[in-house]
Amino acid sequence: MSTAVEPRGWAKAALHVNGWLVYIFFYAPIALLVLFSFSDNRNVGIWGGFTLDWYQDFFDSSNARGALSNSVKIAIVVTIISVILGTMSALALERFTFRGKKVFDALLYLPIIIPDVTMAVMLLLFFGEFFDLLDMLFGLQLRKGFWSITISHIAFNISFVSVIVRARLSGMNTNLEEAAVDLYASRWKAFRHVTFPQIVPGIAGGALLAMTLSLDDVVITQFVTGPGWTTLPVYVFGLIRKGVTPLINSISVIMLLASMLLVVLSLFAERARRGG
Amino acid sequence: MTVISEPSSESAEATPQFEKAAQRKESRRGFFLALPSYLYLIIFFVIPLAIVLVYSFATRNRFGGTDLSGWNFASYERIAEPIVRTILFRSLWLAFLTTIICLLIAYPFAYFLATRRPAIRNVMLVFVMIPFWTNFLVRNFAWRVILGNDGPLTKTTEFLGLGTHELLFSQKAVVLGLVYGYLPFMILPLYAAIERIDGQLIEASRDLYGSGWQSFRNVLLPLSMPGVIAGSILVFIPSLGAYVTPEILGGAKTTLLGSYIVTQFLTARNWPFGAALSFVLMAVMLVGTVIYFRKGGRTL
């Protein structure tokens with residue numbers, strides 16, 4: 001790989017300054033948020049000495065804890081189902097030809113590029129009509145909540161998982177798979193013992209992305225959630241709109257820690273992917 | 001001679017059938033692997049999309065409900081109304097502004113990254129990826145804290161003798177939040193494009209007495225154009241549909257298309273109009289994506 005030519009003189013200096021400013025721009029707000037979550041002042045953004053009160057508030061608030069546990073439950077179910085469906089579609093698209101493949105390929109891209117708001121509106125109207133239909137046909141009175149959120153998150157995560165697993169599959173040498181089949185391994189055995197171990201890093205990367213996106217989603221969840229059911233981001237978003245309180249600071253830092261943990265895990269997955 | 005040719009002609013007839021059967025079997029396998037996701041997306045994506053389309057031609061009744069009979073274009077015609085036009089143009093303008101600012105910051109930054117040694121470069125890339133993975137809501141909230149009354153920014157400007165600022169709840173704050181949120185989307189494709197360029201081409205242009213500006217304008221920029229287009233679309237589309245950022249950092253005068261659509265559903269209860277607006281938003285997004293793939297973009 002050739003390294004791009006570094007300019008000389010003032011252009012070089014400008015590039016360096018811009019580079020460091022970008023990093024400051026990225027990290028200063030996050031650092032300040034963490035700092036103020038320990039500030040003993042009701043007014044968010046003003047330093048008033050060190051305290052852990054706001055974290056205590058979080059653990060005392062049954063609403064916040066309930067929302068956190070809802071978020072985690074949903075994220076786990078979403079990740080498992082999206083990874084299975086996403087990996088299956090990645091295999092189908094990378095290793096097989098079948099009728100309707102092109103349409104499927106295009107359809108799989110749509111949830112990635114569609115704006116959140118549009119997808120939220122789509123699912124809101126869908127669940128409304130669907131529940132009316134069930135009520136009319138079977139007298140079933142369903143309410144939006146865990147399953148409507150889970151179903152919606154899976155609807156966009158299948159695509160993200162499949163894109164990541166496909167990238168892994170397409171970069172892989174197919175000789176080993178072919179050799180296994182030539183040696184009378186069944187397609188399943190070839191997959192189980194040859195293909196699968198090689199795509200595990202891709203699957204792990206996809207799983208972490210699915211989990212992150214599920215834990216982060218506000219817009220779609222807000223549209224498909226029901227009364228009495230809330231996830232952590234939706235809960236925080238509601239709090240912010242009512243007015244900024246130090247409790248939001250501490251919850252934000254907890255969410256930040258969760259994101260960071262997932263980033264670190266994804267870096268390990270990335271390293272395994274490159275290492276092969 | 002006939003003894004040898006006899007079986008070979010037989011197998012020549014048998015092979016295509018055998019192969020066809022095997023191919024059919026393979027095709028069936030592929031189809032059944034894709035089937036669960038295919039059905040899932042048809043039920044939970046295609047049908048919902050069709051419902052939005054149907055709703056966009058429906059009429060709102062007096063009670064805030066929706067009459068699905070008697071289709072009309074009234075909701076689409078409302079887009080021409082002054083208020084809606086203002087919001088539409090404001091959204092386009094702010095999304096455009098966000099894209100340009102991201103481009104101006106990210107291009108030199110991506111070039112700077114590309115000139116680092118590979119070991120350092122990877123570490124620096126990781127530190128671009130971290131904000132990319134970090135919760136978007138939290139990152140926007142951080143700016144709410146910074147820009148707030150008596151917040152760190154006010155303290156800083158007062159300390160520097162610049163007086164106070166009134167950034168929060170303004171369009172500037174929204175653009176700032178959007179740039180902060182989507183800058184990694186611009187940096188990553190730009191870096192991928194610039195890193196691929198052969199540095200010798202730029203050296204050659206300098207050797208041939210091209211000025212720095214000429215090398216940039218005639219060599220570097222054209223070669224990195226796919227990255228510029230990919231990054232711009234990746235920033236422009238989510239900015240146009242932004243909802244969280246204007247809700248947190250914007251005020252009454254900064255309603256954008258995304259928030260306006262949400263209002264139609266959650267408070268104004270005009271579902272047909274909201275459906276029509278979401279459909280327009282999606283159409284803009286589709287046009288952008290088609291351009292992206294035409295220009296040779298591969299990754300999303």
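Helix 5 of chain A crosses helix 13 of chain B in a left-handed sense (the near helix is turned anticlockwise from the far one by less than a right angle). The model is predicted, with local features requiring pLDDT of at least 70 and side-chain atom pairs pLDDT 80 or more, while totals for chains, interfaces and linings use all residues. Residues are numbered from 1 along each chain as written, and chains are lettered from A in the order in which they are written.

**Exercise 1.** Determine how helix 5 of chain A and helix 13 of chain B are oriented to each other.

*Solution.* Two packed helices are described by the angle between their axes and the distance between the axes. Step one: helix 5 (residues 116-138) of chain A and helix 13 (residues 271-294) of chain B pack at about 140 degrees, their axes 9 Å apart. Step two: angles under 35 degrees count as roughly parallel, over 145 as roughly antiparallel, 65 to 115 as roughly perpendicular and the rest as oblique. The two helices are therefore oblique to each other.

**Exercise 2.** State which residues make this contact, and classify them.

*Solution.* Residues are in contact if their C-beta atoms, placed from the backbone, lie within 7 Å. Helix 5 of chain A supplies A:Val117, A:Thr118 and A:Val121; helix 13 of chain B supplies B:Gly274, B:Ala275, B:Ser278, B:Leu281 and B:Met282. Five of the contact residues are nonpolar, three polar and none charged.

**Exercise 3.** Describe the dimensions of chain B.

*Solution.* Along the principal axes, the C-alpha atoms of chain B fill a box of roughly 105 × 70 × 35 Å.

Terms used. Axes fitted to C-alpha atoms, helices over the stretch in contact; angles between N-to-C directions. Helix = DSSP H or I, 4+ residues; strand = E, 2+ residues; numbered from the N terminus. Contact = placed C-beta atoms within 7 Å. Nonpolar A, V, L, I, M, F, W, Y, C, P; charged D, E, K, R; others polar.
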